[in-house]
Every structure is written in structure tokens, then in C-alpha cells.
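Please read this report alongside the sequence and the model.

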Amino acid sequence: MAYPKGRRSPNFKDLVGKRFGRLTVVERVGSSPEGQTIWSCRCDCGKFATAKGGNLSHGHTKSCGCLARDRAKEIHTKHGKCPRSGSTAEYALWKHAKKRAREQHVPFDLEVADITIPKTCPIMGTKLAVNTGKPRGNSPSLDKFEPEKGYVKGNVWVISYRANAFKSDFTVAQLKSFVAAIERGPGCDRDVNAARNVLLAGAGAAHKRRLRHVA
Ligand SMILES: [Zn+2]
């Protein structure tokens, strides 16, 4: 049953002048279809917001929305980053890395301050663009230099999502062979194969050297 603006609902309580969190009730602006009074309130931050009487008196609505935003900022600050532009993206990378480290059972000792998003992808040279939702090719992505070492200080860098996917899909030898093949073009299959074998042998030796170095 709807209550038109001129009529008051049966459970009407005058809330004008009362405070609920950051909100001070200014005036009644109408009723909801279920008969709840809707109030216009001024928030401590200066903005106006409308709220149902029940939500105010039960403590569900305490601000124009600025309270939740301030809390989110506080969380980011706690993890060692000032609430400035860009901090949210770095915090998001940190949070996802922490989750992946748990899933992959690899070490994790990063703080948000250890993560810096560069202007361009250090591999592709393309501009990085922070976006929300599903990552795109040019979204920043945290990559482990040596995967087995995990997400630890000095072993991570921010590269484009596309470069990261590419890097994990192919070995260094395959990437070298890829470049050699494109540079040579068609009709040189034998040369390309020979070059690739040389590269594979070289990359294998380099990999062994690195493993020895790690051990
Ligand atoms: Zn506010």
C-alpha cells in the first residue's frame, strides 16, 4: 500500500534534527511503497542523501556513502601506501599476489610499497592502463622473475597482462626461435630450424647455469 506525500504512514516518527552517524535529518520527502518515511539528510561531509526511516534508526545508513569510502582508504593506508591515485591498483595487485601465493604454495613477503606500476610495460614498451574488472592486454600484472622463488622482495616486477601471459606460455628458447623465424620470413625453414636448435642448446645451458646458481 502506497502512502502519498501528503499522508503519513501509521508508524510515523518525526526524525527532523536527529543525528544518525554522520547524517542529520533535514526534512521528510515522501514514503516508500511499503509505507516507510523517506528523509532527506545532510551528511557531515556536506552532501545530501535520502534514507528510509527504518534504515536510519536501525543503523544501516550512517552517511551519504563517504563513510565506506573513508574506511576503504584506511585499509589501503594500513598496508603501507598513502591514499593517493594509483594506490588502489597497487593494493589490488598485492592482494591477488597474496592469494596466488597461497594457492601455489610459494613464499610471499611483499608489502604494497614493494609494488610500483610503471607507465609502460618493461617487456612490450606499451602503455599500461589500470582498469577495473577483467584484466585487458595492457592491464598491469605482477610477474615473478623466477617463479619458484615466489612473490618475494626483489623477485617481482609489474608488466602488462599480455606480456605476462606470453611469458608463461613459452620458454625463452621458444621466444628466441619465434623472433628468429619472423625476422627471416618464409622460405627459410631449414635455416630457421638450424638457428632454433642452436638457440635451444644455448638456452638449455643458460638455464642449467641459473639452476646451479640458485642451488
Ligand atoms: Zn558524506
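The sections below cover the model and its confidence, the strands, the helices and a few single residues.

## Model and confidence

This is a predicted model, in which local features need pLDDT of at least 70, side-chain atom pairs count only at pLDDT 80 or more, and totals for chains, interfaces and linings use all residues. Residues are numbered from 1 along each chain as its sequence is written.

The confidence score, pLDDT, is the predictor's confidence in each residue, from 0 to 100. Its average over the protein chain is 83, and 76% of the residues score at least 70. Of the chain's elements, strand 1 has the highest mean pLDDT (96), while helix 6 (residues 189–214) has the lowest (59). Over residues 79–86 the score stays under 50. For that stretch the model has 19 contacts beyond four places in sequence, a contact being two residues whose C-beta atoms, placed from the backbone, lie within 7 Å.

## Overall makeup

Six helices and six strands are found in the protein chain. Helices (H or I, at least four residues) and strands (E, at least two) are DSSP runs, numbered from the N terminus. Along the sequence their pattern is β-β-β-β-α-α-α-β-β-α-α-α.

Of the 215 residues in the protein chain, 16% are buried. A residue is buried if 20 or more other C-beta atoms lie within 10 Å of its own, exposed if 12 or fewer, and partly exposed in between, with C-beta atoms placed from the backbone. Among contacts between residues at least 6 apart in sequence, 41% join residues at least 24 apart.

An open sheet is formed by four strands in the order 1-2-3-4, with antiparallel pairing. Strand 1 (19–20) and strand 4 (48–52) are at the edges and have a single partner strand each, so one side of each is left without a neighbour in the sheet. Two strands pair if DSSP finds at least two bridges between them.

Strand 1 and strand 2 are joined by two bridges, and Phe-20 has Leu-23 as its bridge partner in strand 2. Two residues lie between these strands in their hairpin, where Gly-21 in the turn has a positive phi of about 60°. Strand 2 and strand 3 pair over seven bridges, again in the antiparallel sense, and Leu-23 stands opposite Cys-43 in strand 3. Their hairpin has five residues between the strands, and Gly-35 there takes a positive phi near 95°. Strand 3 (residues 37–43) is joined to strand 4 by five bridges. In strand 4, Lys-52 is the bridge partner of Ile-38, and Thr-50 is that of Ser-40. The hairpin of strand 3 and strand 4 has four residues between them, with Gly-46 in the turn at a positive phi of about 110°.

Val-26 is found in strand 2 (residues 23–31). It has 15 C-beta neighbours inside 10 Å and so counts as partly exposed. Beyond its neighbours within four places in sequence, Val-26 is in contact with Ser-40, Cys-41 and Arg-42.

## Strands 5 and 6

Five of the five residues of strand 5 are buried, so this strand is largely enclosed by the rest of the structure. Both of its faces are covered, with Pro-140, Leu-142 and Lys-144 on one side and Ser-141 and Asp-143 on the other. Strand 5 runs antiparallel to strand 6 (residues 156–160), and five bridges join them. One of the pairs is Lys-144 with Val-156 in strand 6.

## Helices and single residues

Arg-100 is found in helix 3. With 15 C-beta neighbours inside 10 Å, Arg-100 counts as partly exposed. Arg-100 and Tyr-151 are 51 residues apart in sequence, yet their C-alpha atoms are 9.0 Å apart in space.

His-105 lies in the loop between helix 3 (87–104) and strand 5 (140–144). Most residues other than glycine have a negative phi. His-105 is not a glycine, although its phi is positive, at about 55°. Because it has 7 C-beta neighbours inside 10 Å, His-105 counts as exposed.

Helix 5 (residues 172–184) has 13 residues, which at 1.5 Å a residue should span 18 Å, and its end C-alpha atoms are 18 Å apart, which agrees. The expected span of a helix is 1.5 Å times one less than its number of residues. Just after helix 5, Gly-185 has a positive phi of about 80°.
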